[in-house]
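User: Please take a close look at the side-chain contacts in this model. I would like one connected account of them.

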Amino acid sequence: MTIDQRVRALWQRTPHGPRTAFFACVITGLLVHLYAFTNLIPNSDGLSRLYDLQQMTISGRWFLHCASVFHSFTQMPMAIGLLSLLFLGLAAALTADLLGLDSRVLAGLGGAVMAAFPCLGYTFLYLFTASAYCFAILLAALSVWLARRGRLGWLLGICALALSMGTYQAYAAYAIGLSLAVVFRETLCPEAGFRGTLSLGLRLVGMLAAGAVLYYAVLLVFLRVKNLELLSYLGMDEASAGYPIEKLPGLILAAYKQVIAFFFLPSAHGFATAVMVTGNLLLLLSGLRCFLLRHKTLGWEPWRLAGGLAMLALLPLGINFGQILSPYAVPTPIMKYAFVLVYLAALVLLAQADGLSELGRGEVPAALAVMAILLGSFLNTNNLLYTASAQAHRATESYATRLLARIEDCPDYQPGMEIAIVGAVPQEQIMGGRAESFRRVEHYSVPAGTVLTLNKHIYYYLEQWLNFPVEELDEGTMKAIAASPAFQAMPLYPAQGSVQVLDGRVVVRMAQTYTPKSDYELAYENRR
């Protein structure tokens, strides 16, 4: 058999649904995120990550270093973009296979939604981790796919989930939500029986629990071997002291509230618009109608109805499991990528209802038209994210360039002098994010006006983005400068006299006092 024949045979063995989902995801992702793949747009974290080994064991991400090796730890937008979409496309193919999306239209729409979902835009703002995070999504989907395939598959699924969580813990929510959607689909399938569906559910629960235990066990080993403590990021260090069981009821309620707000409250911790809320409501009504009519054709079997309703009730909790995993903080947009499974669950219902005479000829196409409109809304939101971030970068570049000119024009300045920039750049001095529309996507990963949010960021920017050789001074020196009478007599930048040469070094007064670095900043700079 020739190589062409082998490839053709492999192509023919691949079901239409997963194949379509893959290509729809990749092509849609290229179109929606093209700006991010052809420009280098730093956010505050990205300033120091042009090249970074991604050693983040202190954040619980012990596999991130390995998952980032695909792009040599360097921010290369197009290479990272292509790798990210390749991994995401494979995740879309596995998801379509698990959810039984055999229709090319439905599978293609599912892949497109996975690529355009706005939480992915926030992920691409952290370009230095984007391909690794998409690889984590693939591992999460793979864990569920493997768990259905025999004892060896179940064991491999546990390993895949542990690796996914070791890259970024939040993607456990994708595996949980996908597992719920898989069982939900089984309750709608005429060929599935009660025993088989229950066995599948227990099998997936066992895989999820064992995967989480394996992740945590490996984390403890890494912390012990490297002699590290968890970073105080999103309460990671507090979590190591024990889980607050007494807070669990409140956390569960908060998880449900956040999901409702995400889809149905405009601009509530996210990017919902009137169009998105309207589309979501229409999909909800259409999904309920499909659910009821499907059960009518199945004869209203009690276990199917109860099981389906239970999976739908648990889905918001599953996709927002990040709130349960991180009880000391509110999940960020990146941590909410699993919310895309709500739309995939809607596609499952449409797939099960497609062709039922009770629905009429127009209802399923109408629901698909709503999802197409939502895709347009996602396109708009993602590129609003990129536009706001690019504008903040331009405003920052202008500000930093003028600051650098003031430093070099300072009397008695000599190249190679130490430079002490005391205090963070005041937000009001950089007005790059004044556009009203930017407020809809505002988040610390989408800076409103500047990416220079901390003391150290100005040094990153001058050195890595403006190619000006400068090193940040140590804490003791900065504190001594800020306490000196000469510094206290200086006005704030940009007033005349705010840039002076004192004791042989250039001093710039950005703030009234120097704010010492927090334990978090110090630990982060020495991360391993």
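Analyst: A charge sits over a ring if NZ of Lys or CZ of Arg is within 6 Å of the ring centre and within 35 degrees of the ring normal. In this predicted model, Arg509 lies over the face of Phe487, at 4.7 Å from the ring centre. Arg149 is placed over the face of Trp145, at 3.7 Å from the ring centre.

Arg149 also takes part in a salt bridge: its partner is Asp97, and the closest N and O atoms are 3.6 Å apart. This pair links distant parts of the chain, 52 residues apart, with Asp97 in helix 5 (residues 77-98) and Arg149 in the loop between helix 8 (127-147) and helix 9 (150-167). Asp97 counts as partly exposed because its relative accessibility is 32%. Arg149 is likewise partly exposed, since its relative accessible area is 38%.

With a relative accessible area of 31%, Arg148 is partly exposed, whereas Glu186, at 11% relative accessibility, counts as buried. Salt bridges that share partners join Arg148 and Glu186 with Arg185 into one network.

The structure holds 6 salt bridges. Another of them is formed by Asp52 with Arg49, where the closest N and O atoms are 3.7 Å apart. Asp52 and Arg49 are both buried.

Next come the aromatic contacts. Rings of Phe, Tyr and Trp (its six-membered ring) pair if their centres lie within 6.5 Å, and by this rule the count comes to 27 aromatic pairs. One of them joins Tyr133 and Tyr171, an edge-to-face pair at 5.9 Å centre to centre with 65° between the planes. Tyr133 belongs to helix 8 and Tyr171 to the loop between helix 9 and helix 10, so this pair ties together parts that are 38 residues apart in sequence. Both Tyr133 and Tyr171 are buried.

Phe263 and Tyr343 form an aromatic pair that is also edge-to-face, at 5.7 Å centre to centre and with 70° between the planes. Because Phe263 lies in helix 13 (residues 248-264) and Tyr343 in helix 17 (residues 341-353), the pair ties together parts that are 80 residues apart in sequence. Phe263 has 3% relative accessibility, so it counts as buried. Tyr343 counts as buried at 3% relative accessibility. Phe263 and Tyr343 belong to a cluster linked by ring pairs, together with Phe117, Tyr174, Phe262, Phe264, Tyr337, Phe339 and Phe378.

Trp11 lies in helix 1 (residues 3-13), and Trp11 counts as partly exposed because its relative accessibility is 42%.

How values were computed:
Residues are numbered from 1 along each chain as its sequence is written. Side-chain values use heavy atoms; hydrogens and water are left out. Helices (H or I, at least four residues) and strands (E, at least two) are DSSP runs, numbered from the N terminus. Buried means under 20% relative accessible area, exposed over 50%, partly exposed in between (1.4 Å probe, protein chains only). A salt bridge is a side-chain nitrogen of Lys or Arg within 4 Å of a carboxyl oxygen of Asp or Glu. Rings of Phe, Tyr and Trp (its six-membered ring) pair if their centres lie within 6.5 Å; planes under 30 degrees apart count as stacked, over 60 as edge-to-face and the rest as tilted.
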